[in-house]
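Here are a few notes from going through the model.

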Amino acid sequence: MISRLSESARAEALAALPQWQWDADRDAIRRSFRFADFNAAFGFMTRIALAAEKADHHPEWSNVYNRVEIVLTTHDAGGVSERDIALARLIDAAAADAR
């Protein structure tokens with residue numbers, strides 16, 4: 001079973017992910033992305049979707065033209081877990097490559 005991160009572990013992980021924000025209402029982390037156009041945003045989402053499927057951990061997200069909003073939480077754990085932190089790192093790397 002996957003465990004929810006402690007408050008201190010979550011804070012430490014988020015310190016290394018400065019563009020992600022803590023969402024206390026959802027016990028989740030979130031980040032917004034903006035790309036040059038829809039093709040760039042959709043390509044980014046496709047790369048994330050393939051990696052998320054491989055990891056069997058899927059983001060909650062929305063896309064409007066060049067904007068992508070992502071929320072990460074582990075429902076089975078009741079909040080943010082190491083799986084969310086790992087996926088956030090992967091997402092950050094994919095975003096850096098997409099720019």
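1. H2 and H3 run roughly antiparallel to each other, because the angle counts as such when it is over 145 degrees. The pair, H2 (residues 38-55) and H3 (residues 82-98), packs at about 150°, with the axes 10 Å apart. Axes here are lines fitted to C-alpha atoms over the stretch in contact, and angles run from 0 to 180 degrees between N-to-C directions. Helices are DSSP runs of H or I with at least four residues, strands are E runs of at least two, and both are numbered from the N terminus.

2. A caveat on the source: this is a predicted model, where local features need pLDDT of at least 70 and side-chain atom pairs count only at pLDDT 80 or more, while totals for chains, interfaces and linings use all residues. Residues are numbered from 1 along each chain as its sequence is written, and side-chain values use heavy atoms, with hydrogens and water left out.

3. Which residues make the contact (heavy atoms within 4.5 Å) between H2 and H3? From H2 come Phe44, Arg47, Ile48, Ala51 and Ala55, and they meet Arg83, Leu90, Ile91, Ala94, Ala95 and Ala98 of H3. By class that gives 9 nonpolar, 2 charged and no polar residues.

4. Worth a look in the loops: aspartate 27, between strand E1 (21-23) and strand E2 (28-34), has a positive phi near 50° without being a glycine.

5. Tyrosine 65 sits in the loop between strand E3 (60-64) and strand E4 (67-72).

Terms used:
Parallel < 35°, antiparallel > 145°, perpendicular 65-115°, else oblique. Contact = heavy atoms within 4.5 Å. Nonpolar A, V, L, I, M, F, W, Y, C, P; charged D, E, K, R; others polar.
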